[in-house]
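Dear colleague,

My findings follow directly after it.

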Amino acid sequence: MPFWTFHDRDIAPEGRTFAESAANLDEMVDYAARHMDRTGVRLLWGTANLFGHPRYAAGAATNPDPEVFAYAAAQVKLALEATKKLDGANYVLWGGREGYDTLLNTDLAHEEKTARPLPDPRRGAQAPDRVQGPAPHRAQAARADQAPVRP
């Protein structure tokens, strides 16, 4: 196996405080670095788990609570630093639960109408290299995001 990947909470448990979570991640990054040196396995990508904890039930970067947003931003910073320290090839900005809490916060008919079909995997190399289909009109897309934000 030439590469491995991680979410911050995959390799280091959530602490009781942010400082404890950061210390857990630092400790595990040092541990991972030693094993990478020993085995030659490289880090393909790292990312922050911004969806597993209940604080992110209303999103992370789109959360209406500024304290949750700030926590998420700080968590991403630590995951970026960990990825850099481990010489990761990439960092994944994982969307998680961004956008809305439930399907009641979106127009499902609009989403279904404007969804773009994925390429048929049976076509192999002949499959297009990008998702195809009609792009929604900008005005339609703007209206789709007008769900009220709950306090």
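The accessible surface of the chain amounts to about 10,500 Å², and 57% of this surface belongs to carbon and sulfur atoms. Please note that the model is a predicted one. Of the 151 residues in the chain, 26% are buried. The chain contains five helices and three strands, and from the N terminus its elements follow the order β-α-α-β-α-β-α-α. As for contacts between residues at least 6 apart in sequence, 65% join residues at least 24 apart.

I looked in particular at helix H2, which comprises residues 18-39. Its 22 residues reach 31 Å from the first C-alpha to the last, close to the 32 Å expected at 1.5 Å a residue.

Which residues of H2 are buried? They are Ser21, Ala22, Asn24, Leu25, Val29, Ala32 and Met36. These residues lie on the same side of H2, because they cover an arc of only 155° around the axis. An α-helix has 3.6 residues a turn, so residues three or four places apart point the same way. On the other side of H2, the exposed residues are Ala19, Glu27, Arg34, Asp37 and Arg38.

After H2 comes Gly40, with a positive phi near 85°.

With kind regards

Definitions and conventions
Residues numbered from 1 in each chain as written. Predicted model: local features only at pLDDT ≥ 70, side-chain atom pairs only at ≥ 80, totals over all residues. Heavy atoms only, no water. Helix = DSSP H or I, 4+ residues; strand = E, 2+ residues; numbered from the N terminus. Expected span 1.5 Å × (residues − 1). Buried < 20%, exposed > 50% of the residue type's maximum accessible area, 1.4 Å probe, protein only. Arc of directions from axis to C-beta. Contact = heavy atoms within 4.5 Å. Areas by Shrake-Rupley, 256 points an atom, 1.4 Å probe, with all protein chains shown as cover.
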